[in-house]
Amino acid sequence: MELKTTDMVAAAGKIINESGINSLSIEELAREMKIDHSLLNPYLKKDEDILMLLLSSLENDIKQLIIETRTVDGSPEEDLQLLFQKMHELLKLKPYYLSVIFYIELKEKESEFQKVLLRIKISVRTYLLEVINQGKKETVFKTRQTSRVLVTNILGSFRSFMNEQRMISKMVKDLEILKTIND
């Protein structure tokens with residue numbers, strides 16, 4: 001039986017959304033997918049491989065998002081808005097990506113995780129630099145700040161915004177659990 005990566009990612013995402021990232025394991029993934037865990041052996045050797053699968057899926061989604069944004073023929077300002085609109089939609093649709101991105105232990109784990117995260121950052125930074133430089137060239141963006149500083153500020157603000165969204169979602173979920181317990 002051949003398993004689809006998208007099915008594994010969706011099941012892992014469901015586990016993260018419902019039980020948290022620390023509940024993620026090959027056994028739990030198999031249980032969620034309603035398969036014997038031995039069927040996951042060709043794909044996943046250890047629990048950390050699930051995180052790599054999720055990071056790779058995020059990287060592919062971000063690359064696709066950038067490709068889609070590039071194909072739209074808009075002004076640099078519209079391109080910038082569209083990029084962040086699409087990124088927000090992606091992370092709203094797949095909130096488990098935020099759990100993976102903000103997973104503190106990920107920074108302490110294998111360097112392969114760091115390599116994927118770095119590639120994602122580079123992809124987004126490169127595209128943002130293109131858009132901002134084009135905007136400066138067309139005098140749509142009128143600022144003396146360097147494009148690199150603008151990109152750093154923009155990405156930092158977006159990261160903070162998404163972390164706040166993640167924390168709010170977690171608080172709402174915790175409140176719902178408390179309400180259920182109290183009822």
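1. A pocket here is found on a 1 Å grid over the protein atoms alone, as an open set of points where a 1.4 Å probe fits, with protein on both sides within 12 Å along at least five of seven lines; lining residues have an atom within 4 Å of a point.

2. On the source: this is a predicted model, in which local features need pLDDT of at least 70 and side-chain atom pairs count only at pLDDT 80 or more, while totals for chains, interfaces and linings use all residues. Residues are numbered from 1 along each chain as its sequence is written, and side-chain values use heavy atoms, with hydrogens and water left out.

3. Overall fold. The chain has seven helices and zero strands; helices (H or I, at least four residues) and strands (E, at least two) are DSSP runs, numbered from the N terminus. The C-alpha trace spans about 60 × 45 × 30 Å along its principal axes. Of the 183 residues in the chain, 37% are buried, where buried means under 20% relative accessible area, exposed over 50%, and partly exposed in between (1.4 Å probe, protein chains only). Among contacts (heavy atoms within 4.5 Å) between residues at least 6 apart in sequence, 64% join residues at least 24 apart.

4. Largest pocket. Its volume is about 650 Å³, taken as the space filled by probe spheres set on grid points that are joined across faces, edges and corners. The lining has 24 residues, and Ser99, Arg166, Ser169, Lys170 and Lys173 are the closest to the centre. Helix 1 (5–19), helix 4 (76–93), helix 5 (96–101) and helix 7 (147–182) are the elements that give two or more residues to this lining. The largest share, eight residues, is from helix 7.

5. Second largest pocket. The volume is about 560 Å³. Among its 21 lining residues, those closest to the centre are Ile101, Leu117, Ile120, Lys121 and Arg159. At least two lining residues each come from helix 3, helix 4, helix 5, helix 6 (111–137) and helix 7. Helix 6 supplies the largest share, with seven residues. The lining divides into 14 nonpolar, three polar and four charged residues.

6. Nonpolar core. The largest core has 55 residues, and Leu29, Leu40 and Leu54 have the most contacts inside it. Such a core is a set of buried Ala, Val, Leu, Ile, Met, Phe, Trp, Tyr and Cys residues joined through side-chain atoms within 4.5 Å. Two or more of its residues come from each of helix 1, helix 2, helix 3, helix 4, helix 5, helix 6 and helix 7. Not counting residues up to four places away in sequence, Leu40 touches Leu3, Met8, Ile26, Leu29, Ala30, Met33 and Ile35. As background, nonpolar side chains in soluble globular proteins tend to be buried together.

7. Helix 1. This helix has 15 residues and reaches 21 Å from its first C-alpha to its last, close to the 21 Å expected at 1.5 Å a residue; the expected span is 1.5 Å times one less than the number of residues. Its buried residues are Met8, Val9, Ala11, Ala12, Gly13, Ile15 and Ile16. The cover over them includes helix 2, helix 3 and helix 5. Just after helix 1, Gly20 takes a positive phi of about 100°.

8. The C-alpha atoms of Asp7 and Met33 are separated by 8.0 Å, with the two residues 26 apart along the chain. Glu59 is in helix 3 and is buried, with a relative accessible area of 6%. Leaving aside neighbours within four places in sequence, Glu59 is in contact with Val116, Arg119 and Ile120.

9. Asp47. This residue lies in the loop between helix 2 (26–33) and helix 3 (48–71). Asp47 is partly exposed, with a relative accessible area of 33%. Beyond its neighbours within four places in sequence, Asp47 is in contact with Leu24, Ser25, Ile26 and Glu27. The C-alpha atoms of Asp47 and Thr146 are separated by 42 Å, and the two residues are 99 apart along the chain.

Definitions and conventions. Nonpolar A, V, L, I, M, F, W, Y, C, P; charged D, E, K, R; others polar.
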